[in-house]
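Subject: Structure handover

Hello,

Here is the structure I said I would pass on. Please open it beside this email and follow along as you read.

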Amino acid sequence: MVALAPPPWLVRGARAAWQWQWLQLMAGLGPADAGGRYRRPAAAFSHCPPLPDDAGIPGRHVLIVGRSCPWAHRAWLVWSLRGLAPTIELVVVEPDPAAGRWRFPAPFESCSTLAELYQRSGAAPGSRATVPLLYSRSQGQVLVGESARLIELLNRWPAAPDAPDLEPAAQQGATDHWRERLQHTVNDGVYRCGFARNQQAYDEAEAALFDTLAAAEETLAQAPWLSGPQLSLADVQLFPTLIRLELVYAPLFGVSRRPLWQLPALWRWRSRFHDLPGVAATCCPEAWRRDYFGALFPLHPSGIIPAAPELATLVGICPGRGGDVDPPI
Ligand SMILES: N[C@@H](CCC(=O)N[C@@H](CS)C(=O)NCC(=O)O)C(=O)O
């Protein structure tokens, strides 16, 4: 049977209709400025509260995360690296893509969805109910819902004497510098690429992303961690984005100009970070791929989850370097 090509007028009409529909659907994913650049909406409970008086008392606080969310991943990492399980319970919510919200696996404080918990805590009606968040059982209240502030709080949380300080004083300037740059150009940067409404908005975000990765590559050729000899919150911020790169962001958001094997210092850094105690348990590649490819309908209407490399092959020896191992840094 011979398939007939559709007539040009039909193709033109379908393109225009699809472009209009696509822009409507993208508005549901997030706002854009007049130039078509994605602008992440502000989080509720975004201030950094002081350390609560009952911090460190078991049973009082709960960290709520979702497996696929990179912002939640950074909080989960600090919780894990600092060994906070004895005093902060971890609750993992599940996505409900049809309703576009997070659900508790079992009722939590009588709530079945995260949105209910936000409302009960006094969030403005219509505000987003996002992960991660830290909840106080004694106050019956969300304490903080913005990951950048939350990881600072978790770094000050009472912990065992050998728990790492992820804001080492001698590296504070470099840590702050990297955190600020990563937040905009890398952590949010991949979303700015994927959610761009036009070519120019994408080109700007993509250039800024790879500029920062090139700078990180240079830095990591000289030092084991981004802001110096000690691990810091800067490394914690970079990891959730880079560990999702080949599995989700390169194929879905179009950030494939330099595959990570072409940035060998970053590749080795990623493997080193992944080998830290407790980190592997925070990585859930199947959930990442299912949630991103399944839920971001306007970017991937078929919902088909493409095959991908095993995570284990992304955290071993760098393929671009013929079995190269860590240089003495
Ligand atoms: N600025 C927030 C962003 C968190 C965020 O956007 N989380 C997403 C998942 S990756 C979410 O929960 N979205 C639910 C919604 O927007 O309704 C933070 O860093 O904590």
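Where is Phe 45 found? Phe 45 sits in the loop that lies between helix H1 (8-29) and strand S1 (61-66). Keep in mind throughout that this is a predicted model.

Backbone

I begin with Phe 45 because its phi is positive, about 55 degrees, although Phe 45 is not a glycine, and most residues other than glycine have a negative phi. Phe 45 has a relative accessible area of 15%, so it counts as buried, the cut-off for that class being under 20%.

Ser 110 is another residue with a positive phi that is not a glycine; here the angle is about 65 degrees. Ser 110 belongs to the loop between strand S3 (101-108) and strand S4 (111-113). Is Ser 110 buried or exposed? Its relative accessibility is 67%, so Ser 110 counts as exposed, since exposed means over 50%.

There is also a peptide bond to look at. Val 131 and Pro 132 are joined by a cis peptide bond, with omega at about 5 degrees. Most peptide bonds are trans. Pro 132 lies in the loop that runs between H3 and strand S5 (133-136).

Ligand

Next, please look at the ligand. The space that the ligand takes is the largest pocket. There are 13 residues around the ligand, and those that come nearest are Cys 69, Trp 102, Arg 128, Glu 146 and Ser 147. By type, the shell around the ligand divides into seven nonpolar residues, three polar ones and three charged ones.

Which atoms of the ligand lie close to N or O atoms of side chains? An oxygen atom of the ligand lies 3.2 Å from a polar side-chain atom of Arg 40. For Arg 128, an N or O atom of the side chain is 3.0 Å from an oxygen atom of the ligand. In the case of Glu 146, a side-chain N or O atom is 2.9 Å from a nitrogen atom of the ligand. The ligand taken alone exposes 520 Å², and the protein buries 83% of that.

Ser 147, one of the residues that come nearest to the ligand, is also part of helix H4, which covers residues 147-156. Helix H4 is mostly covered, with eight of its 10 residues buried. Which residues of H4 are buried? They are Ser 147, Ala 148, Leu 150, Ile 151, Glu 152, Leu 153, Leu 154 and Asn 155.

Trp 267 is placed in helix H10 (residues 264-274). The relative accessible area of Trp 267 is 2%, so this residue is buried, as the limit is under 20%. Its side chain reaches the backbone oxygen of Gly 316 at 2.9 Å. By contrast, Trp 267 and Gly 36 are 32 Å apart in space, C-alpha to C-alpha, and 231 residues apart in sequence.

Thr 282 is found in the loop between H10 and helix H11 (285-295). Thr 282 has 1% relative accessibility and therefore counts as buried. Two contacts of Thr 282 can be checked in the viewer. The side chains of Thr 282 and His 73 are joined by a polar contact of 2.9 Å. A polar atom of the Thr 282 side chain also lies 2.6 Å from the backbone oxygen of Val 279.

Partly exposed residues

Three further residues fall between the two cut-offs, 20% and 50%.

- Gln 119 is in helix H3 (residues 114-120). With a relative accessible area of 40%, Gln 119 is partly exposed. Gln 119 and Pro 41 are 78 residues apart in sequence and 18 Å apart in space, C-alpha to C-alpha.
- Ala 295 is in helix H11. At 40% relative accessibility, this residue too counts as partly exposed. Between Ala 295 and Ala 223 the C-alpha to C-alpha distance is 38 Å, and they are 72 residues apart in sequence.
- Pro 306 lies in the segment after H11. Its relative accessible area is 28%, so Pro 306 is partly exposed. Pro 306 and Arg 289 are 17 residues apart in sequence, and 8.4 Å separates them in space, C-alpha to C-alpha.

Regards

Conventions. Residues are numbered from 1 along each chain as its sequence is written. This is a predicted model: local features need pLDDT of at least 70, side-chain atom pairs count only at pLDDT 80 or more; totals for chains, interfaces and linings use all residues. Side-chain values use heavy atoms; hydrogens and water are left out. A residue is near a molecule or strand if one of its heavy atoms lies within 4 Å of it. A polar contact is a pair of N or O atoms within 3.5 Å; within protein, one must be able to donate a hydrogen and the other to accept it, and residues adjacent in sequence count only if both atoms are side-chain atoms. Accessible areas come from the Shrake-Rupley method with a 1.4 Å probe; for residues, only the protein chains shown count as cover. On a 1 Å grid over the protein atoms alone, a cavity is a set of points where a 1.4 Å probe fits but cannot get out, and a pocket is an open set with protein on both sides within 12 Å along at least five of seven lines; lining residues have an atom within 4 Å of a point. A molecule sits in a cavity or pocket if more than half of its atoms lie within 2 Å of its grid points. Ala, Val, Leu, Ile, Met, Phe, Trp, Tyr, Cys and Pro count as nonpolar, Asp, Glu, Lys and Arg as charged, and the others, Gly among them, as polar. Buried means under 20% relative accessible area, exposed over 50%, partly exposed in between (1.4 Å probe, protein chains only). Helices (H or I, at least four residues) and strands (E, at least two) are DSSP runs, numbered from the N terminus.
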